[in-house]
Amino acid sequence: EQTGLLPPHDNGWYWLGAGHMTDDGSSLDQVFLRFERFGPGQWDWAWEANVLGRFDPESLKLRAVVPLPSASGVNWGSWLSRDGGHTLIYGVEDLGLVKYMHIARVAGDDLTASWEYWTGIGWAGVETDSVRVMPGVANEYSVAPLRDGYLLVTQDTNELFSARVVGYVSCSPTGPFTPIGTLYTAPEPGPFGSYGNPNIFTYNAHEHPELRTADGLLVTYNVNSFDYTDLYDDVTIYRPRFIRIGLTPAAP
């Protein structure tokens with residue numbers, strides 16, 4: 001018998017966000033976004049809340065589901081990153097055509113501890129004080145140390161259904177982030193893409209810094225179709241893509 005790590009509820013489902021292992025190895029903590037249906041149509045669903053699933057690292061058995069901050073409407077869990085004595089929690093304020101980065105943090109690695117939110121000048125304990133750091137990020141993206149700064153990798157959502165994977169750099173994990181250009185253009189989308197299908201789109205590109213090499217990044221993105229029957233006709237569509245993006249060696 002098969003079941004989900006966090007089984008769907010009666011009127012919706014959970015979408016995996018970022019996760020990490022606690023430092024003591026006692027818990028695999030995974031952020032989930034809860035979505036609810038509000039009608040019978042294919043796209044009649046919306047984000048409802050953020051929760052944390054806590055799993056046994058050995059058996060992957062679910063131990064607990066803990067509510068996470070959700071009052072601001074931010075979908076937390078786009079990315080997690082340790083920075084000094086804190087875990088940074090990146091999120092997205094998803095307004096459909098426009099998406100904004102938000103940032104929170106906890107001391108240590110316990111995501112059930114009290115959260116603080118980036119206000120643009122410091123950290124506050126009230127979720128609704130969280131500010132929009134920048135537009136144009138996807139629902140999943142990555143922010144990871146690179147050399148003497150930080151690299152943001154994301155799908156470019158400033159353009160509608162863009163195939164471009166773009167990079168930004170910053171001296172701080174909270175920004176401001178400066179664009180460095182297009183890192184990769186996915187070949188699959190649109191009528192002139194590799195599938196020749198106008199329904200195909202890509203989304204949620206980000207780096208996997210644990211798999212970075214001295215001369216390259218490993219980036220993944222997702223491929224899907226606006227017509228779900230395409231996915232049954234060609235099962236190669238709905239699969240992740242893995243790409244290597246070269247890094248210029250640092251100056252001596």
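In what order do the strands of the open four-strand sheet run, and is their pairing parallel or antiparallel? The order is S1-S2-S3-S4, and the pairing is antiparallel. Keep in mind as you browse that this is a predicted model.

**The four-strand sheet**

At the edges of this sheet sit strand S1 (12-21) and strand S4 (62-67), each of which pairs on one side only. On average, neighbouring strands here are turned by 30 degrees against each other, with direction ignored.

Let us walk through some of the pairings. S1 and S2 are joined in the antiparallel sense over eight bridges, and His-20 stands opposite Asp-29 in S2. Further along, S3 and S4 run antiparallel and are joined by five bridges. These two strands form a hairpin with six residues between them. In its turn, Leu-60 has a positive phi of about 60 degrees. Phe-55 has Leu-62 in S4 as its bridge partner.

**A threonine in the loop**

The loop between S1 and S2 holds Thr-22. Is Thr-22 buried or exposed? Its relative accessibility is 8%, so Thr-22 counts as buried. The side chain of Thr-22 makes a polar contact with the side chain of Asp-24, at 2.9 Å. Setting aside neighbours within four places in sequence, Thr-22 is in contact with Ser-27, Asp-29, Arg-54 and Asp-109.

**Aromatic pairs**

The count comes to 16 aromatic pairs. Two of them are set side by side here.

| Pair | Centre to centre | Angle between planes | Class |
|---|---|---|---|
| Phe-32 and Phe-55 | 6.2 Å | 50 degrees | tilted |
| Tyr-184 and Tyr-221 | 6.1 Å | 40 degrees | tilted |

Tyr-184 counts as partly exposed at 26% relative accessibility, whereas Tyr-221, at 1%, counts as buried.

Two further aromatic features deserve a look. Phe-161, Phe-201, Tyr-203 and Phe-226 form one aromatic cluster. Elsewhere, Arg-132 lies over the face of Tyr-100, at 4.2 Å from the ring centre.

**The three-strand sheet**

Which strands make up the open sheet of three strands? Its order is S14-S15-S16, with antiparallel pairing. Strand S14 (200-207) and strand S16 (241-246) are the edge strands, and each pairs on one side only. From one strand to the next, the twist averages 30 degrees.

S14 and S15 run antiparallel and are joined by six bridges. Tyr-203, a member of the aromatic cluster, stands opposite Asn-222 in S15.

How values were computed. Residues are numbered from 1 along each chain as its sequence is written. This is a predicted model: local features need pLDDT of at least 70, side-chain atom pairs count only at pLDDT 80 or more; totals for chains, interfaces and linings use all residues. Side-chain values use heavy atoms; hydrogens and water are left out. Rings of Phe, Tyr and Trp (its six-membered ring) pair if their centres lie within 6.5 Å; planes under 30 degrees apart count as stacked, over 60 as edge-to-face and the rest as tilted. Buried means under 20% relative accessible area, exposed over 50%, partly exposed in between (1.4 Å probe, protein chains only). A charge sits over a ring if NZ of Lys or CZ of Arg is within 6 Å of the ring centre and within 35 degrees of the ring normal. Two strands pair if DSSP finds at least two bridges between them. Axes are lines fitted to C-alpha atoms, for helices over the stretch in contact, and angles run from 0 to 180 degrees between N-to-C directions. A polar contact is a pair of N or O atoms within 3.5 Å; within protein, one must be able to donate a hydrogen and the other to accept it, and residues adjacent in sequence count only if both atoms are side-chain atoms. Contact means heavy atoms within 4.5 Å.
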